[in-house]
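Please keep the sequence and the three-dimensional view at hand while reading.

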Amino acid sequence: RRNEHGKVIGVVGIGQDITGRIAQEREYAKLIDTANAPIFGVDTEGKVNVWNKCARKLVGYTPDEVMGKNLVNEFITDEFRTAVQAVLDQALHGEETANFEFPLMTKAGIRLEVLLNATTRRDEQGNVIGCVGIGQDITGRIAQEREYSKLIDSANAPIFGVDTLGKVTIWNKNAHKLVGYSSEEVMGQNLVEQFITPEHRARVQSVIDQALAGEETANFEFPLMTKAGIRLEVLLNATTRRDEQGNVIGVVGIGQDITGRLAQEREYTRLIDTANAPIFGVDTQGRVNVWNKCAMRLTGYPSEEVMGHSLVKEFIRKEHQERVQGVIDQTLHGEETANFDFPLMTKGGVRLEILLNATTRRNEHGHIIGMVGIGQDITERIAQEREFSKLIDSANAPIFGVDNEGKVNVWNQCVSS
């Protein structure tokens, strides 16, 4: 303070109450130090000036051992120093970085994987004075991801994945072996456009879109073209893929090559359809789902007129429906029946006598899905047996018969008289 002649006559002090600010800074410092996440900070020269308890616990170094040391030069492995330094430099220029992965070496020489959010640190005038990093130890998660990746890659099933744009992000060894394309050839390519035949693209895209919307699909059949141009039939389970926040990031498909099985099923269907015996089948509701050409010739009904109809209610005479239904029910419970006689009505109203072998039908998991009956038309044989019986009974000579135990089983009218 000076008078009008410029002589110093005293001092004037202009104060500012910083009690609250200091209390707040201490509170922030306390929160940082006790936070359940590793937090560290560096100044504009990259020297450590913040090192909380969680960082100490995680890395093993005390604040006294790290404070003032260059973070990158002292604690980052050689191959990652440039990348980590670039993130720090960006933060020191006001460009903050989220979810940056980098390795950090512990005092014991163990490498940790850290996910970092790097935030610019400023003073009260807004000048950049350093950078604060809030980290997350993802070492365990990355190890688990690598284990999952290893299991997927070595799985005995084709596994592939696509991102939200439908581009391939996962392609395991079995998929490579099955389809012929290496992972380098498919990664980043559009699965549907590049590898699905044109007539099936809309169906496959629909399944992928549903999975991307959270609606997963099981046992979806679709064709996949190999590198050699061979069409494979694949049974697919499409599962939604999510990140750690639960956001949908793609679809993973676990497949099963059913090309051989379908070829075998088609061969069985052809054999059944061309067999020289009437063969029909019903589902668990008793509705016809198999009706071969011989059954069509025998009864006069084409497959279009019987498929989906109740065998018992529509084609068996009422007085025999209970017996036939009983055989079907037993077969649907795994109790198969051989040489069962039952009548079947033709389209022309003629009654046929059928000798049936009823077999339980199961899917690939062993679950009962219906019954198949292999029949034999014994109408003529039964008519002939009745004719023989009539001739024997009316013969002008005594005729009798015994079974293998000597018990009478034939005794005609002449013997009786």
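In the sheet region that opens this briefing, F280 stands opposite G373 in strand 15. The structure is a predicted model.

- Strand 11, residues 279-283, and strand 15, residues 368-377, are paired in the antiparallel sense over five bridges.
- These two strands belong to an open sheet of five strands with antiparallel pairing, in the order 12-11-15-14-13.
- Strand 12 (288-291) and strand 13 (337-345) are at the edges of this sheet; each has a single partner strand, so one side of each is left without a neighbour in the sheet.
- On average, neighbouring strands of this sheet are turned by 30° against each other, direction ignored.
- Helix 16, residues 379-394, packs on the sheet and touches strand 13, strand 14 (351-362) and strand 15. The direction of helix 16 makes about 130° with that of strand 14.

- T337 is found in strand 13.
- With a relative accessible area of 18%, T337 is buried, because the cut-off for that class is under 20%.
- Leaving aside neighbours within four places in sequence, T337 is in contact with V327, Q330, T331, L356, N357 and A358.

- Strand 6, residues 159-163, runs antiparallel to strand 7, and three bridges join the two. Within this pair, G161 has I170 in strand 7 as its bridge partner.
- The hairpin of strand 6 and strand 7 has four residues between the strands, and G166 there takes a positive phi near 85°.
- Strand 8 and strand 9 (residues 231-242) run antiparallel and are joined by seven bridges. The bridge partner of T217 in strand 9 is A238.

**Helix 5 and its buried side**

- Helix 5 comprises 12 residues, 81-92, which at 1.5 Å a residue should span 16 Å; the end C-alpha atoms are 16 Å apart, which agrees.
- The residues V84, V87, L88, A91 and L92 of helix 5 are buried. They cover an arc of only 140° around the axis, which puts them on the same side of helix 5.
- An α-helix has 3.6 residues a turn, so residues three or four places apart point the same way.
- Strand 1 (39-43), helix 4 (71-75), strand 3 (97-105), strand 4 (111-122) and strand 5 (128-137) are what the buried residues of helix 5 pack against.
- Helix 5 is followed by G94, which has a positive phi near 90°.

- The 12 residues of helix 10 should span 16 Å at 1.5 Å a residue, and its end C-alpha atoms are 16 Å apart, in agreement.
- V204, V207, I208, A211 and L212 are the buried residues of helix 10. Seen down the axis, they fall within an arc of 140°, so they line one face of helix 10.
- The cover over these buried residues includes strand 6, helix 9 (191-195), strand 8, strand 9 and strand 10.
- A213 lies in the loop between helix 10 (201-212) and strand 8 (217-225). Its relative accessibility is 59%, so A213 counts as exposed.
- The C-alpha atoms of A213 and A86 are separated by 38 Å, and the two residues are 127 residues apart along the chain.

**Cysteines**

- Zero disulfides are found in a search of the whole structure.
- C131 is in no disulfide, and the nearest cysteine sulfur, that of C54, is 17 Å away.
- C131 counts as buried at 3% relative accessibility, and C294 counts as buried at 11%.

Notes: Residues are numbered from 1 along each chain as its sequence is written. This is a predicted model: local features need pLDDT of at least 70, side-chain atom pairs count only at pLDDT 80 or more; totals for chains, interfaces and linings use all residues. Side-chain values use heavy atoms; hydrogens and water are left out. A disulfide is a pair of cysteine sulfur atoms within 2.5 Å. Buried means under 20% relative accessible area, exposed over 50%, partly exposed in between (1.4 Å probe, protein chains only). Two strands pair if DSSP finds at least two bridges between them. Axes are lines fitted to C-alpha atoms, for helices over the stretch in contact, and angles run from 0 to 180 degrees between N-to-C directions. Contact means heavy atoms within 4.5 Å. The expected span of a helix is 1.5 Å times one less than its number of residues. The arc is that of the directions from the helix axis to the C-beta atoms.
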